[in-house]
Amino acid sequence: MITTYHRPQTLDEALALLTQPETVPLGGGTLLSHPTADSVSVVDLQRLNLGSLRAVGNDLQIGATCALQALYESEHASAALKTTIKLEAPLNVRNAATVAGTLVASDGRSPFTTMLLALDSKIEYQPFNKDQPPVTVSLSEYLLVRPRGLITSIAVPRNAKSAFEYVSKTPADKPLVGAAVARWNSGRARFFLCGYGKTPLLALDGTEAHGIQEAARNAYHEAADEWASAEYRMDVAATLAKRALESLT
Ligand SMILES: Cc1cc2nc3c(=O)[nH]c(=O)nc-3n(C[C@H](O)[C@H](O)[C@H](O)COP(=O)(O)OP(=O)(O)OC[C@H]3O[C@@H](n4cnc5c(N)ncnc54)[C@H](O)[C@@H]3O)c2cc1C
C-alpha cells in the first residue's frame, strides 16, 4: 500500500528522497498501485523530464519514464521491438507503464525485456547516493545484480537486425516460448528465450549463429512448469530459433 507520495521537481531532490527507507521510484504505477500488505513511500518521476526518445548514433536513447506505447509508436522502433511491446501489456497499461518500470518488474515471461537483452541494451542508473557518479551496465548485468539506484535511460542498439517469434495460448497472451534474435553486420549473434522462469535466458552469444537450434534446446532443458513441459519447450524453442534467424530484418 502506498502510504506517502512525493513528486520531486529535480533529480537531486528525487535521489535525496530515495535514500530514505521503504522508499521506491514510481514510474507508471501500474504495478506499484496494486494493493499489498507492505507500506511503501513512492517518489513519482513524472516531473524529472526523463521521458525522451531519440536516435543518437547507433543507439536509440530511451528515457526511463518513456511510456511503452510512445516507444511502440516511435518511427525508430523495429518491427520485432513493436511485436514484443504489444505482447507485453494491453493498450491501457502500455499508455501508463514506463520502459524502466517494465524492465525492473519483468520476469522470464517478458517479451520486451527479452528483445532488449538480445539487442545487448545498456542501462544507465544513478545510485541513490547522489555523490556517486551515474553507472552504465548491460541490461544482462543489471538484471543479475538488480543494484539499488534510479534508472535514468536505456540505450538500445539500432545497428543490428532483429526478430521475435513466439508461441502462446492465444495471440495476445504472453508467450509460452518466445525467441528473440539479434545479429550484427560483423556476424555477432545474440539469442534469448522467454516464457519461463524468473528472467529471460541467454541461449547464445557468439561470432555467428551456428548451432542456434541446439542452443535453444539446451537452454530450456529444465523449463517445466504448470504451463508446459520442458520437452515441449525445447522442441518449440528450437523451431522458433530457426524461424527467427530466417526472418531477421
Ligand atoms: C492488472 C495488472 C497486473 C499486473 N501484474 C503484474 C505482476 O504481478 N508482476 C509483474 O511483474 N508485472 C505485473 N504487471 C505489469 C506491470 O504493470 C508492468 O511490469 C509495468 O510495465 C510496470 O511499469 P510501471 O512504469 O507502471 O512501473 P511501476 O509500477 O511504477 O514500478 C514497477 C517497479 O519498477 C520500479 N521502478 C520504476 N521506475 C524505475 C526507475 N526509473 N528506476 C528504478 N526502478 C524503477 C518501481 O520502484 C517498482 O519496483 C501488471 C499490470 C497490470 C495492469
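This note sets out, point by point, the main features of one predicted protein model.

1. **Basis of the model.** Residues are numbered from 1 along each chain as its sequence is written. The model is predicted: local features need pLDDT of at least 70 and side-chain atom pairs count only at pLDDT 80 or more, while totals for chains, interfaces and linings use all residues.

2. **Overall form.** Along its principal axes, the C-alpha trace spans about 50 × 40 × 30 Å.

3. **Domains.** The domain assignment gives domain 1 (2–44), domain 2 (53–157) and domain 3 (160–246); such bounds come from an automatic or database assignment. The centres of domain 1 and domain 3, taken over C-alpha atoms, are 35 Å apart.

4. Buried residues make up 44% of the 249 residues. A residue is buried if 20 or more other C-beta atoms lie within 10 Å of its own, exposed if 12 or fewer, and partly exposed in between, with C-beta atoms placed from the backbone. Two residues are in contact if their C-beta atoms, again placed from the backbone, lie within 7 Å. Of the contacts with a separation of 6 or more, 58% join residues 24 or more positions apart.

5. **The largest nonpolar core.** This core has 74 residues, of which A179, F191, L193, A216 and A237 touch the most other members. Its largest share, seven residues, comes from helix α9 (residues 230–246). A nonpolar core is a set of buried Ala, Val, Leu, Ile, Met, Phe, Trp, Tyr and Cys residues joined through C-beta atoms within 7 Å. In soluble globular proteins, nonpolar side chains tend to be buried together. Leaving aside residues up to four places away in sequence, A179 touches F164, E165, F191, L193, A216, A237, L240, A241 and A244.

6. **Helix α8 and I212.** I212 is found in helix α8 (residues 212–219). With 22 other C-beta atoms within 10 Å, I212 is buried. Beyond residues up to four places away in sequence, I212 touches F191, L204, A241 and L245. The C-alpha atoms of I212 and I2, 210 residues apart along the chain, are separated by 45 Å.

7. **The shell around the ligand.** Among the 24 residues around the ligand, G27, G28, T30, A97 and G101 come nearest; a residue is near a molecule if its C-beta atom, placed from the backbone, lies within 6 Å of it. At least two shell residues are supplied by each of β2 (23–26), α4 (91–96), α5 (99–105) and β8 (150–157), and the largest share, five residues, comes from α5. Domain 1 and domain 2 each contribute at least three residues. By class, the shell has 16 nonpolar, seven polar and one charged residues. Here Ala, Val, Leu, Ile, Met, Phe, Trp, Tyr, Cys and Pro count as nonpolar, Asp, Glu, Lys and Arg as charged, and the others, Gly among them, as polar.

8. **A105 in helix α5.** A105 lies in helix α5 and counts as partly exposed, with 15 C-beta neighbours inside 10 Å.

9. Seven of the 10 residues of helix α3 (residues 79–88) are buried, so α3 is largely enclosed by the rest of the structure. The buried residues are A80, L81, T83, T84, I85, L87 and E88, and what covers them includes α2 (68–73), α4, α5, α6 and β9 (160–167). In α6, eight of the eight residues are buried, so α6 is likewise largely enclosed.

10. **Positive phi values.** D120, which follows α6, has a positive phi near 55 degrees. D120 is in the loop between α6 (111–118) and β6 (122–126) and is partly exposed, with 18 C-beta neighbours inside 10 Å. N49, a residue other than glycine, also has a positive phi near 55 degrees. N49 is placed in the loop between β3 (40–44) and β4 (53–56) and is exposed, with 12 other C-beta atoms within 10 Å.

Note on methods:
Helices (H or I, at least four residues) and strands (E, at least two) are DSSP runs, numbered from the N terminus.
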